Amino acid sequence: MLKRVLDWAGYAGLAVLVGSILLPYVRPQWLAARWWVVLAGVLLVLVSLVAHAGDPRSFFGRRTARYGINSAVMIILLLGIIGLVEAVSYRHNSRVDLTENKRRSLSPQTIQLLKTLKTDVNAVAFHRSETKRTAEDVLKQFARYGGRRFTWKIVDPDLEPALARRYGVESYNTVVLETKTRSEKVTDAEEEKLTNGLIKVTREGKRAVYVLQGHGEHDLTSTERPGFSEAKTALERANYEAKPLPLAREGKIPDDAAVIVIPGPRTELLPPEIDALDGYIGRGGKLLVMVDSGLVSSVQTTALKSYLAAYGLTLGDDLVIETNPIGRLFGLGPEVPIVQQYESHPITRDMTGIMTAFPIARSVEPAKTPPTGVTAQPLAKTSPASWGETNRDELVRGQVQRDDKDVNGPLTVAAVATKGKARIVVFGSSGVASNNGLGFQGNRDLFLNAVSWLAEEEDQISIRPKETAQTPVFLTSQQAQAVFLLPVIVLPGIVVAGGILAIARRRSAK
């Protein structure tokens, strides 16, 4: 009886060793106990072998013993190979993301931010076991690029409530990012939220971005389609503080202004306002101007046009028409040019292959001979199939045609000028950053890149994390039926039929 028990102990040891191989795939949360399982399996096998050591010739002569030893050797070799592969892959590994919008890969901005961390950041993720896999995957990627500067761990708040209370965590799926001097809570371990949290804990204070109001500009708090609330949210996520600036009432530019944004004025700026802007630029100020075409609306920009001309930027009295068919794919008309051509500049260095839309745009051309001390250059251009329409009557009648008076494309719709420390960026469309335009392809990146460059925070210029896009699969009733029948009925039926046929042949052969 004892001998049989010892035999079964050997078989049980082999089974335990096989289980140790499958453990990381069946129960990932038990991975820390894997080598204890291996040790238990080895001990069981050794106990069985030692019990038969008294009669080694008879033992090793048995067929079952030989099979068992062969199996044990094969399992040990397999474990050795797996251990070697894991050791090599730990130091030399790579990922291939085959998802449609690279949802499993970090964005260039996140990678750049992690590689340039100047302070140590520790991430503590409070997740239960059933939800920690996603957080673990994202945090591993962050640690890959952050190196020693970025450390992380996942904690079950139910098992360690004291630690949850210490960090003030009251809900599951919360990630706390902390440095020596500050901390930031992030709900859900999503790349965009984690990146924004990293920016907040690693930047010293917030830079103030003032948005001009009082001339029919986009309202900073409006959630309507023409509003600017989405731009305000995007700025705040990038660790800027967006504030309204009623310049006519205040009479001066605030001292803490890092950037002034003029988002689509519809009426003229008053002379005192122009003087205040001029004084601000003279002190090395930073200005982002977005001016729509005046041919299809009552936009009055004579004063602003003259002001920008002094810095080598010319606002065209036209409406950019784009006949390139790409816009039709997005349901856009010819008055919304799609831009894919960008000039070499820090603002557009990562925009290659990314489309942006400029609704109701006018051309913004750098002067061929800019004023003394001024450097001006284009940022974004339309395609050769575009032109600048100058006939208001044709636009009113809806009969737009290219003629000799129009300027042929490519046309510049975004440009930049510098004078000493002063920086000016001009977009020929304010719809780039409006609520109904900011979410189009690369519009948000172009807008935030311009603000970051103006604020002299060029390390924030990149392509930012995108929200996860859902890709549902729609099946017809016939397709759904085929998807059900093939794996559930057809394939198992073939296996069963093959087994019955094999048994029938074997019996007939006897």
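Helices here are DSSP runs of H or I with at least four residues, strands are runs of E with at least two, and both are numbered from the N terminus. Keep in mind that this is a predicted model: local features need pLDDT of at least 70, side-chain atom pairs count only at pLDDT 80 or more, and totals for chains, interfaces and linings use all residues. Residues are numbered from 1 along each chain as its sequence is written, and side-chain values use heavy atoms, with hydrogens and water left out.

Helix 6 itself covers residues 132–146, and its end C-alpha atoms sit 20 Å apart, which agrees with the 21 Å that its 15 residues should span at 1.5 Å a residue. That expected span is 1.5 Å times one less than the number of residues. Within helix 6, A135, V138, L139, Q141, F142 and G146 are buried; buried means under 20% relative accessible area, exposed over 50%, and partly exposed in between, using a 1.4 Å probe and protein chains only. Looking down the axis of helix 6, the buried residues fall within an arc of 155°, so they line one face of the helix. The arc is taken from the directions from the helix axis to the C-beta atoms. An α-helix has 3.6 residues a turn, so residues three or four places apart point the same way. The cover over the buried residues of helix 6 includes helix 5 (108–115), strand 1 (121–126), strand 2 (150–155) and helix 8 (191–202).

Helix 5 is also where L113 is found. With a relative accessible area of 7%, L113 is buried. Neighbours within four places in sequence aside, L113 is in contact (heavy atoms within 4.5 Å) with T195, L198, I199 and R203. L113 and T202 are 89 residues apart in sequence, yet their C-alpha atoms are 9.7 Å apart in space.

Elsewhere, S222 belongs to the loop between strand 5 (207–212) and helix 9 (229–237). S222 counts as buried because its relative accessibility is 18%. Leaving out residues up to four places away in sequence, S222 touches G227, F228, S229 and N435. L486, by contrast, lies in helix 16 (residues 477–509) and is partly exposed, at 48% relative accessible area.

As for the whole protein chain, there are 16 helices and 19 strands. Buried residues make up 42% of its 510 residues. Among contacts between residues at least 6 apart in sequence, 72% join residues at least 24 apart.
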